[in-house]
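Reader: Hello! Could you walk me through this structure, one question at a time?

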Amino acid sequence: MTMMTPPPLEQQEDEEILVPHQELTEGPQPMEVLSAETANALESQQVEDPPTFKYRWTIENFSRLNAKKLYSDIFYVGGYKWRVLIFPKGNNVDHLSMYLDVADSATLPYGWSRYAQFALAIVNQVHGKYTIRKDTQHQFNGRESDWGFTSFMSLSELYDPSRGYLVNDTCVIDAEVTVRKVIDYWSYDSKKETGYVGLKNQGATCYMNSLLQTLYHIPYFRKAVYHMPTTENDMPSGSIPLALQSLFYKLQYSDNSVATKELTKSFGWDTYDSFMQHDVQELNRVLCEKLEDKMKGTVVEGTIQHLFEGHHMNYIECINVDYKSTRKESFYDLQLDVKGCRDVYSSFDKYVEVERLEGDNKYQAENHGLQDAKKGVLFIDFPPVLQLQLKRFEYDFMRDTMVKINDRYEFPLQLDLDRDNGKYLSPDADRRVRNLYTLHSVLVHSGGVHGGHYYAFIRPTLSDQWFKFDDERVTKEDAKKALEEQYGGEEELPQTNPGFNNSPFKFTKYSNAYMLVYIRESDKEKIMCDVDEKDIAEHLRIRLKKEQEEKEHKKKEKAEAHLYTIIKVARNEDLIEQIGKDMFFDLVDHDKVRAFRIQKQLPFNHFKEDVFKEFGIPVQFQRFWLWAKRQNHTYRPNRPLTPQEEAQSVGQLREVSNKTHNAELKLLLEVDIGPDLHFLPPPPKTKEDILLFFKVYDPEKENLRFVGRLFVKALGKPTEILSKLNELAEFPPNEEIDLYEEIKFEPNVMCEHIDMRMSFKSSQLEDGDIICYQKSLTSANRNQFRYPDVPSFLEYVRNRQVVHFRSLEKPKEDDFSLELSKLFTYDDVVERVARQLGVDDSSKIRLTSHNCYSQQPKPQPIKYRGVDHLLDMLVHYNQTSDILYYEILDIPLPELQGLKTLKVAFHHATKEEVAIHTIRLPKNSTVADVINDLKTKVELSHPDAEVRLLEVFYHKIYKIFPPGEKIENINDQYWTLRAEEIPEEEKSLGLHDRMIHVYHFTRDSNQNQMQVQNFGEPFFLVIKEGETLADIKIRIQTKLQVPDDEFSKWKFAFISLGRPEYLQDSDIVSNRFQRRDIYGAWEQYLGLEHSDTAPKKAYTTNQNRHTFEKPVKIYN
């Protein structure tokens, strides 16, 4: 996929930088930065497999290496010499640095280059699945003869012997290198080679592209999308149906790769979302849910259910009594286990595996009490299009992290779900339906858990020919590539490197299937239907054909651009139209004037005929001026064209006038009109004549407008043209006026008063200069106006900024807008905001800046007088925003900044109530101060009750705060702070008493994944030496006030590191808990297993998720 370098974010986690190796020094480095998901842009299409070599480098006495950098032996791939380069102590970073190097780069001829895809890995010699591998590709050349990862893995992790990367002080490095012939990426034509086109990547949207291609190539789905009602007034960027219709139409009829920006805009995504690596499975569900909703009430209502919805039955059947409980559930996709399963069939076997509920795990059957029972899942029906999500990612409890499962996992071309006499089917299933499926598409993930690349292998017509859809590129592939090579697992190759042992070693395949789509044979004809133009709404065909024609026209223009010159002609009418509306400085925006596309060889005099046809101005009355860019960055008319120049060709004239050699020629058309409104010939122009342009300013209306141009004599004085200027401005003939020269506006406004008594030459005025004038003001009436004169008005215009203010509580909604000056001080800005909001004390206004890339408020607000000017509030890196967020505080901000604010949830000792209290104390306060302040706000069970403060996270207690701990560093943004009374039993612990953690949990049996999930409020419990579970249960039931019938269904387990060990009533609980302290004891607890009956609510606590794990949301 083509990965653009994302803009700087507030904080990027797991940032990975691929760089040519440099001896890094302190300070910024001139290096190319790419993401780990670097482009497959130069991947070549091969008739046969490209040469690949796997090399293992074993380094002994690793921790005792003194060299700053170390090279491996040379190995050969594709006839080229390669080696691995490492920096054992990091290339001036606290990470191991590792690169692939062209070994003989110094002796290669000038202009050499070679292209390789490669992976580098540090082998975990204890647990192979924890091997750290990173892959990329690069075009190696004389300037960049090595490429790789400056921050490959942290040195602390590498050198920690318990981690398994250094065993007996030996480090093992694997390199896998594939050398490909370089075919010009831009010359490859997917449509010509395959008949299909790809999708452009917006940054990290390969995961979306692979899914969209899969859905597009299900013709029934595409036809349904085409038949969703849309109108010609809809805009694709605001309508998901229209954007998807547009995308599918272009995939069907375009000759080039198709952009997805309209679609992601219709999702409500900003640019930042396009750089987020998301999950295909999640996007698939969210998109289908959204389309299902949009299809309601239309002719295609129910399409999503019809295509993708199947049903299964969850059942519990008693063994010894006649009782069976069943529940029917629908699914749009099935999540299949990969770990521990060799293929799809064994995953289905595991899915319908029967669980025995017996012993302590008996089932509470209605009217029958506790019974031995069987629990399982069987399928009532399968959908026509079966989507299988392979669980390649799972949580590793030992490492407390997500890991990717790269185990070998096979999937068949034909899938028979009626096998073994329909063992997957429920008794209610319709056995007349033949559940034989053929494989349609294989979505592949290449890489690790923290990122990678997605692409898809698809059989668009279910023929024997497979195609690989990899972002913009579509290639023909054989069945082996699409199936066997995507099984994953390990590959064993003999070690053939001279000087090393030749024992075989294994390499993990990091590219493997992640999602499979099967189509039922009996529905194949219906699903793989014809889709043609008659399925597409006429307004859509017209719109898209027009877009295509415009695109072709632009393409043709671009191809012929070298034969033409664009001539942009500015006239008096343009200056009148634009000045005071679109622009205030200079004279005209050349992009908004009439442009002519003229062949370069055409004589300029012939072009004047075109001007006559366009504007009706006879050739003899036209005079053209060239524009020039001055040293102060203004752009002004410079001189008229000479008769000799007008006799030249347009191309020659452009070269004379344009030093930057672009394709444009910019001209000013001077036309004189007499009192009778007839055209006049241009007046003679001598060196003594100066062409000046005039603008008039009205301080009452705060309005600036263009009124005309005049020729003046260089030695003449402004006093000689006063009556003419008054006439142009429609002032009385004898009106006193002040004149100013508009000199420049970058980086600051420069506008100087003109002395009426001096000549134009003495005032250094020349052709193209601009004079702004206004009625003279007395010192008395100047105070009536905000901007009394031209300089103050131009200064205001230069710095004015409309700012959109949003409440911090509703960060997506504009509340009000204010026109401010970028030069306003902090006090000026908050004063204007307070006035708008009707707040008397402006110091109670707190502002927060906008992050232009995430389109969110910055995490930290602006401190009181923490910036000098409004501009400082709006600038984010090199971008300027026009959004600020506000809060109205209950105390002045300077006072608040000296305080620490904590939100504390107080749990009453005897009542089932929780009250959230906001505690504000000086930052140097302690936890004891928080508790004392809280005691004044809450109702205690008795006046002498002791209170403690706890840190709770995801329904577990992580810490009891010592009373003396300073509150300044306590973070309640991520953790819940809980206050509670200390029970009497905990105050007087006996010698053999234990205080243990007790948490509620449920086991998620969804998709057969028996994972412990905590919920509810955790608590402490004192247990006595020799106390049985039966004794403890009585105390727990009393504490929680659970009714008998409900409590009888609860199970109790000792849980260590997420693994439950169920307890019997006779078990001595204290024997399981040997640790006396409770700090860090949350990994061992007494678990109360029962159903979570509390209403579900969004969990807002930031879980420090990696960016690629951010939930997919479609907002529109």
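Author: Happy to! One term first: contact means heavy atoms within 4.5 Å. Please keep in mind that this is a predicted model.

Reader: With that term in hand, which strands do the buried residues of α19 pack against?

Author: The residues concerned are Leu725, Asn726 and Ala729, the buried ones of helix α19, which spans residues 722-729. They cover an arc of only 100° around the axis, which puts them on the same side of α19. The strands that this buried set packs against are β36 (689-698), β37 (703-713), β38 (737-744) and β40 (770-775).

Reader: In what order do the 5 strands of the open sheet with β36 and β37 run?

Author: The pairing in this open sheet is mixed. Its 5 strands are arranged as β37-β36-β40-β38-β39.

Reader: Which are the edge strands of that sheet, and what does the twist average?

Author: An edge strand here pairs on one side only, and that holds for β37 and β39 (750-753). From one strand to the next, the twist averages 30°.

Reader: What angle does the direction of α19 make with that of β37?

Author: Helix α19 packs on the sheet, where it touches β36, β37, β38 and β40. Between its direction and that of β37, the angle is about 145°.

Reader: Which residue is the bridge partner of Phe693?

Author: Strands β36 and β37 pair in the antiparallel sense, over 10 bridges. In β37, the bridge partner of Phe693 is Arg709.

Reader: Is Cys772 buried or exposed?

Author: Cys772 lies in strand β40. A residue counts as buried under 20% relative accessible area. Cys772 has a value of 0%, so this residue is buried.

Reader: How far apart in space are Cys772 and Tyr697?

Author: Leaving out residues up to four places away in sequence, Cys772 touches Lys695, Asp738, Leu739, Tyr740, Glu742 and Val790. Cys772 and Tyr697 are 75 residues apart in sequence. In space, from C-alpha to C-alpha, the distance between Cys772 and Tyr697 is 6.9 Å.

Reader: What about Ser821: which residues does it touch?

Author: Ser821 sits in strand β42, residues 816-821. Its relative accessibility is 13%, so Ser821 counts as buried. Not counting residues up to four places away in sequence, Ser821 touches Asn799, Arg800 and Leu870.

Reader: Which residue takes a positive phi in the hairpin of β31 and β32?

Author: Strand β31 (residues 623-629) and strand β32 (residues 635-640) pair in the antiparallel sense over 5 bridges. One of the pairs joins Leu626 to Arg639, its bridge partner in β32. The hairpin has 5 residues between the strands, and the residue with a positive phi, near 75°, is His633.

Reader: Which helix gives the largest share of the lining of the second largest pocket?

Author: This pocket has a volume of about 730 Å³. Of the 28 residues that line it, the closest to its centre are Lys200, Lys250, Glu547, Gln548 and Lys551. At least two lining residues come from each of α5 (240-253), α6 (261-266) and α14 (538-559). The largest share, 11 residues, comes from α14.

Reader: At what angle to β50 does helix α24 run?

Author: Strand β50 belongs to an open sheet of 5 strands with mixed pairing, in the order β50-β49-β53-β51-β52. Its edge strands are β50 (914-922) and β52 (956-960). Helix α24 (residues 927-935) lies across β49 (899-907), β50, β51 and β53 (976-981), and its angle to β50 is about 125°.

Reader: One more: which residue in β18 is the bridge partner of Leu336?

Author: In strand β13 (residues 334-337), Leu334 and Leu336 point one way, Gln335 and Asp337 the other way, and all are buried. Strand β13 pairs with strand β18 (residues 385-391) in the parallel sense, over 4 bridges. In β18, the bridge partner of Leu336 is Leu390.

Note on methods: Residues numbered from 1 in each chain as written. Predicted model: local features only at pLDDT ≥ 70, side-chain atom pairs only at ≥ 80, totals over all residues. Heavy atoms only, no water. Buried < 20%, exposed > 50% of the residue type's maximum accessible area, 1.4 Å probe, protein only. Arc of directions from axis to C-beta. Pairing = 2+ DSSP bridges. Axes fitted to C-alpha atoms, helices over the stretch in contact; angles between N-to-C directions. 1 Å grid on protein atoms, 1.4 Å probe; cavity = no way out; pocket = protein on both sides within 12 Å on 5 of 7 lines; lining within 4 Å. Points joined across faces, edges and corners; volume = space filled by probe spheres on them.
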